[in-house]
Amino acid sequence: MLSIIRHMIWRDMLLAMRRPQDVMTSLFFFVIVVSLFPLGVSPEMEVLREIASGVIWVAALLATMLSLNRLFSVDYQDGTLEQMLIAPQPLSLLVLSKVVAHWLLTGLPLVLMAPLLGVLLGMESEAIGVMVLTLLLGTPVLSLIGSIGAALTLGVRGGGVLLSLLILPLYVPILIFGTGAVESVRADMGVEAQLSLLGAFLALALGFTPWAAAAALRISME
Amino acid sequence: MSTETTKEFSWYHFASPRTFYPLAGKMIPWFAGVAVICGLIGLYIGFFVAPTDYQQGESYRIMFIHVAAAWMSMFIYVIMAIYATIYLAMNVRLADMMAGALAPTGAIFTFVALWTGALWGKPTWGTWWVWDARLTSELLLLFLYLGYLSLRGAIDDPNRAAKASALLALVGVVNVPIIYFSVKWWNTLHQGASISMTKAPTMAATMLTALILMTIAFWMYTIAVVLMRVRSDILTRERDATWVLEEIGGGK
């Protein structure tokens, strides 16, 4: 069981490393979206500090969502996905491995890039620390929930925009608690509640979404 | 496979589109009739009999449409998810048709609730829109409906569309409470003391009567419209079957 997960993750990472521009695109998108806000809203540090965590979180949602298209489509086009469906290993396990690889390639870079953007938007170092922690807990949930949408819209015309319509409303709780934690720490309040809830979402999503995404894949591949 | 030979009554009998089609046709006028009667009485009581609110004046009367529509919008989503479950569990095609037919009506009621809410909010709160927990979650419910409808519309193969949208409805209904409570939590954090609608004054009996009548009217309207939609869906899907050709009088 563990070896198949390791192999799947390794394979996806290797494939992504051969074409690094795919991974870089969503990261650059993240950076560009965030840097548009000072231009569009105001260059005043006071204003930016107020909205910083929300801006970075929303940009992270959008960047994750844009990268979700890639999650299954390449394997779908070259027929690997069909092999996964008839493989003896449970499909949900294979989906989970693919999602983990997806997060390592898109979610983790966002988390690592976020402190830099936080500094650009004038966030306090304490707030940056909490934001990174919430992103670390929250972005895997985004990839997990997104995998259901990616599986449902596989090969559907206009899939990209459709995916955003299906998935973004489901991202709302993560966004609320992610930014809520940062606001709490800025107001000198505890952040345990939000972090615990984000952790709970992660645990729930780990248990349920691979199963739902596997069911969605079977529907799409019929 | 003829079910006519067995005299024993069975619900499955009506689960077949062919037998459901004439049954639905017979039921539509009744539900539509009840909807019109209840709607007229409800509107009459709501606009002419119910007393003027001592705080809000006449503007509160939009409540009879607004609250009923908001109730229906949430109720329909749950019913839709139940039909989706029936479809996924038992593979009854009619259940999928029902779920698909409910979604547009649900989306319309959500929109009506938001729209009338804005019209009500302007005179009473002084603003068209506030980021209140209820308003925000109603807006998100509209997005969930739109996602469901778009997914259904984007997939051409009816079988795949049915299964994919049923799964999405289930994912949605699991998420609705999570979304609702997180929005509520977010709202209490952001707005300390803003408009609180939870402390509504006790309603006059006539107001409650009108509200209940309007809800029944909307409910019956939903059933009538959904049955109509399912009937035309049946005709479209079974357009090659002989009974459909006989039904619409084409013959050849």
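Predicted model: local features only at pLDDT ≥ 70, side-chain atom pairs only at ≥ 80, totals over all residues.

Student: Which helix of chain B has the highest confidence?
Tutor: Chain B averages a pLDDT of 84, and 88% of its residues score at least 70. Among its helices, confidence is lowest in H7 (residues 242–247), at a mean of 80. The highest value, 92, belongs to helix H2 (residues 63–90) of chain B.

Student: How many contacts does the model have for residues 192–196 of chain B, beyond four places in sequence?
Tutor: Over this stretch pLDDT stays under 50. Where pLDDT is low, the coordinates should not be read in detail. For residues 192–196 of chain B, the number of such contacts is 3.

Student: What ipTM does the model score?
Tutor: Two scores are given for the model as a whole. The pTM is 0.87, and the ipTM is 0.86.

Student: What is the radius of gyration of chain A, and does it agree or disagree with a compact globule?
Tutor: Chain A has 8 helices and 0 strands, and its C-alpha trace spans about 55 × 35 × 30 Å along the principal axes. For 222 residues, a compact globule would have a radius of gyration near 17 Å. The value for chain A agrees with that, at 18 Å.

Student: What percentage of the contacts in chain A between residues at least 6 apart join residues at least 24 apart?
Tutor: Buried residues make up 48% of chain A. Of the contacts between residues at least 6 apart in sequence, the share joining residues at least 24 apart is 81%.

Student: Which helix gives the most to the side of chain B that touches chain A?
Tutor: In the interface, 22 residues of chain B are in contact with 21 residues of chain A. Helix H4 (133–154) and helix H5 (158–190) of chain B each supply at least two residues of that side of chain B. By class, this side has 16 nonpolar, 4 polar and 2 charged residues. With 13 residues, the one that gives the most is H5(B).

Student: How far apart are the end C-alpha atoms of helix H3 of chain B?
Tutor: Helix H3 (residues 93–125) of chain B has 33 residues, and at 1.5 Å a residue it should span 48 Å.

Student: What is the phi of Asn91(B)?
Tutor: Most residues other than glycine have a negative phi. Asn91(B) lies in the loop between H2 and H3 of chain B and is exposed, with 11 other C-beta atoms within 10 Å. Its phi is positive, near 60 degrees.

Student: Where is Asp188(A) placed?
Tutor: Asp188(A) also has a positive phi, near 60 degrees. With 7 C-beta neighbours inside 10 Å, Asp188(A) counts as exposed. Its place is the loop between helix H7 (159–186) and helix H8 (192–221) of chain A.

How values were computed: Residues numbered from 1 in each chain as written. Chains lettered and ligands numbered in written order. Contact = placed C-beta atoms within 7 Å. Helix = DSSP H or I, 4+ residues; strand = E, 2+ residues; numbered from the N terminus. Nonpolar A, V, L, I, M, F, W, Y, C, P; charged D, E, K, R; others polar. Expected span 1.5 Å × (residues − 1). Rg over C-alpha atoms; globule rule 2.2 N^0.38 Å. Buried ≥ 20, exposed ≤ 12 C-beta atoms within 10 Å, placed from the backbone. pLDDT = per-residue confidence, 0-100.
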